[in-house]
Amino acid sequence: MLIAAGWAIMGNLFTRAGLTDMTTSIVISAYGYIEKIDRTTLTAIFVNLLPYMVFSIIYGLYIYKEYCNVGVYVFSRMTNRKSWCMRKIGELYLFSFVYTVIIIVVSLVTLVFTNKIQYSDGTIRLAFFYIVNTSLFICASALLVNALAIMFGSQTAVIISMAIQIICTGLLIFSAPEWDEVLMTYVMSRRAEILLKINPIGNLVLNWHSDCSEPVNQVINCFGINYPLWSSTVYMLALLIIMTAVINTAVKHRDIIISNPEEG
Amino acid sequence: MKNTITVDGISKKIRNRTILDNISLTMESGNIYGFVGHNGSGKTMLFRAISGLMSVDSGSIRYNDLEIRKDVPVIPSLGMTLENAGMYSDFTGFKNLKILAGIKGNIDDEQIRAAIKRVGLDPDDKRTFRKYSLGMKQRLALAQAFMESPDVLMLDEPTNALDAEGIEQIRNIILEEKQRGAIVLIASHNKEDIGLLTDYVYSISDGQVSPERKDKTDE
């Protein structure tokens with residue numbers, strides 16, 4: 001949690017301190033503050049992802065460590081591993097939610113001291129989608145690390161999970177809008193739009209979405225495409241459900257083999 | 001009622017290496033069964049398989065009329081210690097046992113405290129598990145195995161890291177558990193433990209189990 005707060009403070013001091021005339025909506029949307037897609041913005045996306053990657057490394061071993069450590073004593077008393085697993089997933093989601101809330105709240109509070117901030121319509125709605133979508137995503141990615149750790153070991157799990165996130169960030173380059181000579185503007189092709197919508201990292205960037213609320217839509221929707229914020233909520237929820245099924249299967253079927261399967 | 005564990009021709013391979021090779025055993029209430037063998041012989045793996053914590057490639061394990069991992073995932077009334085298994089490092093011994101006892105909910109705080117005292121630890125010790133010595137960790141692991149008076153006890157190297165007084169104390173508890181009617185399985189390098197405590201001794205080598213004459217281990 002200290003990491004979340006520290007990241008929000010440092011991020012603000014280095015990138016936004018001194019900027020004037022900011023609205024609360026812009027501050028929140030700015031957590032995915034990318035208005036176009038090129039190599040520079042991909043780097044910015046990656047930097048924005050870092051605190052969440054840190055979360056998935058720290059909490060990525062949350063279930064795994066208990067599974068391997070005290071798991072023998074827990075499961076020798078338990079006839080239903082699923083209920084244990086679901087309780088752990090619930091705890092993990094709570095941590096994901098609090099972590100995301102801390103980043104957004106600390107960010108807003110620090111900017112009150114360093115910048116001139118005005119409350120704007122749509123802030124609550126935008127904050128809601130930011131917190132829900134991001135917390136679902138980081139919980140799903142932490143579950144992925146836990147499941148991979150149970151199956152292949154912790155080091156492999158962290159490497160695979162980080163690689164997936166980095167590759168997904170890199171793949172966003174194929175979603176970049178192209179310059180249209182006739183319309184004299186950037187236009188996103190159908191293929192690029194689909195690639196954007198299926199990319200989990202793309203689903204995190206609020207600015208690329210659209211919304212039925214006009215004050216929110218004015219702050220985001222920089223590509224002018226139909227990409228409702230709630231569709232990313234559904235996407236992230238589906239991701240979390242898939243990861244829940246994966247880790248339940250791993251915990252149920254994987255033998256309890258502590259650190260070294262050959263000892264004894 | 002007499003409880004029985006029947007192991008029928010179980011085999012297990014891990015990464016193409018045979019860990020358990022066609023093992024058959026029958027174990028009954030009120031007896032202590034000792035398993036001896038060198039490191040890597042398969043003692044711990046056998047405990048994991050019999051308990052239900054690890055699957056087997058072939059054969060079956062039955063506890064009375066229940067087939068383990070088919071009718072029930074693990075032996076229903078089981079207390080076990082395994083080498084290298086840990087506890088919640090940031091909690092005290094009492095809190096650790098309270099969490100584990102909460103899974104079944106069949107003992108109260110006083111019984112948990114009694115189990116901790118029984119192995120020679122202080123239930124009011126405020127130190128976290130992380131700060132426990134090796135011997136204290138071993139005693140706490142044994143306390144969690146004994147605390148719910150299970151019908152089956154599987155103890156992997158139960159006297160490891162204990163001082164002479166601790167060894168004596170744990171041996172007495174194991175014998176009390178036998179008197180209570182538990183099926184007790186002990187894996188140990190310690191020939192004295194095996195000689196003093198067990199009724200039947202099995203030797204494990206390359207995943208195969210063979211009965212050993214008791215007097216041979218007493219030597």
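**Helix packing, a sheet and an exposed loop residue**

In chain B, helix α4 (residues 134–146) and helix α5 (residues 164–180) have axes that come within 12 Å and cross at roughly 10 degrees, where axes are lines fitted to C-alpha atoms, for helices over the stretch in contact, and angles run from 0 to 180 degrees between N-to-C directions. α4(B) and α5(B) are therefore roughly parallel to each other, a term that applies to angles under 35 degrees. The contact (C-beta atoms, placed from the backbone, within 7 Å) involves B:Gly135, B:Arg139, B:Leu142 and B:Phe146 of α4(B) together with B:Gly166, B:Ile170, B:Ile173 and B:Glu177 of α5(B). The model is predicted, with local features needing pLDDT of at least 70 and side-chain atom pairs counting only at pLDDT 80 or more, whereas totals for chains, interfaces and linings use all residues. Residues are numbered from 1 along each chain as its sequence is written, and chains are lettered from A and ligands numbered from 1 in the order in which they are written.

Chain B also holds an open sheet of four strands in the order β2-β1-β4-β5, with antiparallel pairing; strands pair if DSSP finds at least two bridges between them, and helices (H or I, at least four residues) and strands (E, at least two) are DSSP runs numbered from the N terminus. Its edge strands, each pairing on one side only, are β2 (17–28) and β5 (66–67) of chain B. Strand β4 (residues 58–63) of chain B pairs with β5(B) in the antiparallel sense over two bridges, and B:Arg62 stands opposite B:Glu67 in β5(B).

In chain A, A:Asn226 lies in the loop between α10 (214–219) and α11 (229–253). A:Asn226 counts as exposed, with 11 C-beta neighbours inside 10 Å, the cut-off for exposed being 12 or fewer other C-beta atoms within 10 Å, with C-beta atoms placed from the backbone.

Definitions and conventions
Parallel < 35°, antiparallel > 145°, perpendicular 65-115°, else oblique. Contact = placed C-beta atoms within 7 Å. Buried ≥ 20, exposed ≤ 12 C-beta atoms within 10 Å, placed from the backbone.
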